[in-house]
Amino acid sequence: MIDPEGIETLCSDMEVDHTDVRILMLAWKMKAEKQGYFILEEWRRGLKALRADTINKLKKALPELEKEVKRPSTFVDFYSYAFRYCLTEEKQKSIDIESICELLDLVLGSQFHAQVNLFIQYLKTQNDYKVINMDQWMGFYRFCNEISFPELSNYDPNLAWPLILDNFVEWLKAKQS
Amino acid sequence: MSSQRKKNFQIEAFKHRVVVDPKYPEKTWKILEHAIHEIYNHNASGLSFEELYRNAYNMVLHKFGEKLYSGLVTTVTSHLSEISKSIEAAQGEVFLEELNRKWADHNKALQMIRDILMYMDRTFIPSTHKTPVHELGLNLWRDVVIHSSKTQTRLRDTLLELVYRERNGEVINRGLMRNVIKMLMDLGCSVYQEDFEQHFLEVSADFYRLESQQFIESCDCGDYLKKAERRLNEEMERVSHYLDTRSLDKITNVVEKEMIESHMHRLVHMENSGLVNMLVNDKYEDSGRMYNLFRRVPAGLSIVRDVMTSYIRDTGKQLVTDPERLRDPVDFVQRLLDLKDKYDQIISLAFGNDKTFQNALNSSFEYFINLNARSPEFISLFVDDKLRKGLRDVSEEDVEVVLDKVMMLFRYLQEKDVFEKYYKQHLAKRLLAGKTVSDDAERSLIVKLKTECGYQFTSKLEGMFTDMKTSQDTMHGFYASHGAELGDNPTLAVQVLTTGSWPTQPSATCNLPAEILGVCEKFRSYYLGTHTGRRLSWQTNMGTADLKATFGKGQKHELNVSTYQMCALMLFNNANRLSYKEIEQATEIPASDLKRCLQSLACVKGKNVLRKEPMSKEIAEDDAFFFNDKFTSKLYKVKIGTVVAQRESEPENQETRQRVEEDRKPQIEAAIVRIMKSRRTLDHNNIVAEVTKQLQARFLPNPVVIKKRIESLIEREFLERDKNDRKMYRYLA
């Protein structure tokens, strides 16, 4: 089993920062269950899938991995995995705002820059929610994909959007005027 | 009789020719022609009907029907031409009379002629498809007399002139009119219509257009309507007297259009006399007239109804948002009831109990009653007032009337659950203070609420009544078994309240005075002895006590106080002066309650059994209290307890609101789960609609709150979002 220290060593060997999103992608490929740890089975699974048996090959496989993850069909899976990966406690269902903001930036920041920045801003200023659950997490991704930004012309609060997004849109509209 | 065979009978034609006189037809015709002349010259008495008939008969028989017929046409036509000239020559008034007379003559003549020519009428005419004699006579009259160029227009103008004069108040010869009009009708439907009716309708329209314009400039609404009604009745009477009944609808339509429809809006909105004025001043006759007239025109009633509705809404809205009104809840509700009574009366007396108007009234009430969030509380306070004192000495039927009116207002409430909360609180106070005027009235109202809202709504309320009864029995049992040993102790009256049924109060600390601790403990052990597994906690904020007090000059009074007040007062048996802090420490009553309690004992004129230094209204931490030796009162029994239901202060109101909101959450969730369990999958909008429908008997759920509850249920894995259709939710078994 590789522990957090070991992962850090791995990262420096691959010349990738341990907070880089590609490490998360690697964890996803391995289907790693516990944040900060890779068990042998997971390690083997991941490397086999990437067809890498040396650190160098692993490093070279990273761009390919990135491309794979970014494909729309696989991204949803990765996105929801990212959330689950951060649930450290046994019965935990939600993640605190602070961590969510970081995770959002990491996972969606490059793809939906504007939305993510504003949403993070909103999350930090509002008081209604102290944590985010899976439903809200997934809802935000749908939001980024389906709703025109920054016009928000096709957003309908009477549909089944999570309430937090209704509030976010309201906040945005107030900001815009 | 010979027994020979009978010979066959044979008929043979004449073997010789019958000689017919060639002059026969002409001769015969001349006889008939002469007869027609005589008839038209009023000389018919000298004629022999039988002879003439036979002559006509023979002509037809000998195949001279054609000659007979054409002769008839010619002769009658020439007579009618003369008649036409004489009519044309008639001057002035005489014209119509002459026409009428000649028409009567013609009819009589025609009858006689037809009788004479009956054989031809029945045989020759049908077989040759010619016009029958009578009809021929009418047609000739029509073509020669009526449609003569001079007469046609003159007739029309004369008739219309007469109508015009009659409309302006003159008396005309109605019999004559009737006869002439009937003549036109007899001449054929189209004659009546083309020669008279269509012109009649046209000039009537012009006439009424003009008149209505004049009226509307000079009359107020009520007068105008009276005039319009009069005109309408006039026209109806006119038709019944001398026009064709089929003209009735047509002429009334004209009047309705010109006098009513054209000016509808202006009439309804007329300042100082329009509908609103009529409503405000209960002008039943005028508004009734408006209803009856406007009913006749398209969209007439909707204008009346709409104006009434918006006025009621405005009045109601003003009532419920007026800050002055909101100070006195009982008055507030009474005004609402008065408003409803007023409009019930109007709708019944002036608007014929029209259902659409009733509905408009109901929806208006529903609209503005719910504009004020405190309406449920106020209605409960109104009921409380009635049941505590208002219905004393009122007959049973009148009590029912008042309660039914309250139910009527209750039905309009959207937030029935808020009413329930307050009603429970107020009922509890009434029951515990023993302050209800009539047990029957209380029960009656509960039954009405149950009928309206179902068993669930009232089951807890009924529980409260049961507790009261049970407690009575318990007390009997207590004193029966322990009465002797308790001789000297203060008399105790305990109501044991089942926690679920009564409005929840957080139990606060309070040290009961030593004098009663003994008997309280005895009761507790008695009760728990007979009811195992229960827990009793004294609700010190809801009790009362009667204290006998002796003051400076020996005056004795009985003080009726709350439990808190009792605790404070009893301390003064052992001390003349106590500071606020000392009282607080000894009684351990929560600060805000204690302050209120001391205020009511020391700062209220006529009830100041304690004296406070300094004399300020507010209670401060270092105030000092003294037993007020100098207290006086005209009454022996002095009531100082404050357990009466009152309008809540703002902070209390907020608190109740919050509790109501909290109570609603599980109800909403239960509704969502029920719906999803039966539907399995459903989209968001439909869930909101269904939930609203299910809960509307109790309150109107906020769609945002519903959404939040759905999300909470998703988190707790009762529901999930459909993976393919993002609008749908799915029930998780």
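Okay, let's start with a bit of sheet in chain B: strand β7(B), residues 681-683, runs antiparallel to β9(B), residues 728-731, and three bridges join the two. Strands here are DSSP runs of E, at least two residues, helices are runs of H or I, at least four, and both are numbered from the N terminus; two strands count as paired if DSSP finds at least two bridges between them. Quick housekeeping: this is a predicted model, so to speak of a local feature I need pLDDT of at least 70, side-chain atom pairs count only at pLDDT 80 or more, and totals for chains, interfaces and linings use all residues. Residues are numbered from 1 along each chain as its sequence is written, chains are lettered from A and ligands numbered from 1 in the order written, and side-chain values use heavy atoms, with hydrogens and water left out.

Back to the strands. L682(B) sits opposite Y729(B) of β9(B). On to β8(B), residues 719-721, which also pairs with β9(B), antiparallel, over three bridges. There, L719(B) has Y731(B) as its bridge partner, and a six-residue hairpin links β8(B) to β9(B).

Next, the holes. How many cavities of 30 Å³ or more does a search of the whole structure find? Four. A cavity is a set of points, on a 1 Å grid over the protein atoms alone, where a 1.4 Å probe fits but cannot get out, and lining residues have an atom within 4 Å of a point. Points are joined across faces, edges and corners, and volume is the space filled by probe spheres set on them. The largest cavity holds about 50 Å³. Two elements of chain B give two or more residues to its lining: α21 (416-432) and α28 (650-679). The largest share, four residues, is from α28(B). Among the lining residues are A373(B), R374(B), Y422(B) and N653(B). By type, the lining has four nonpolar, two polar and three charged residues, counting Ala, Val, Leu, Ile, Met, Phe, Trp, Tyr, Cys and Pro as nonpolar, Asp, Glu, Lys and Arg as charged, and the others, Gly among them, as polar.

From the record: an unreviewed UniProt entry annotates residues 374-602 of chain B as "domain: Cullin family profile". That span is 60% helix and 7% strand, with its end C-alpha atoms 32 Å apart.

Last, the interface. 15 residues of chain A contact 13 of chain B, contact meaning heavy atoms within 4.5 Å. About 1,300 Å² is buried between them, 49% of it from carbon and sulfur atoms; that's accessible area (1.4 Å probe) lost on putting the two parts together, summed over both. On the chain A side, D135(A), A160(A) and L163(A) lose the most, together 41% of what that side buries.

Conventions:
1 Å grid on protein atoms, 1.4 Å probe; cavity = no way out; pocket = protein on both sides within 12 Å on 5 of 7 lines; lining within 4 Å. UniProt positions renumbered as here; feature names shortened; annotations may be inferred.
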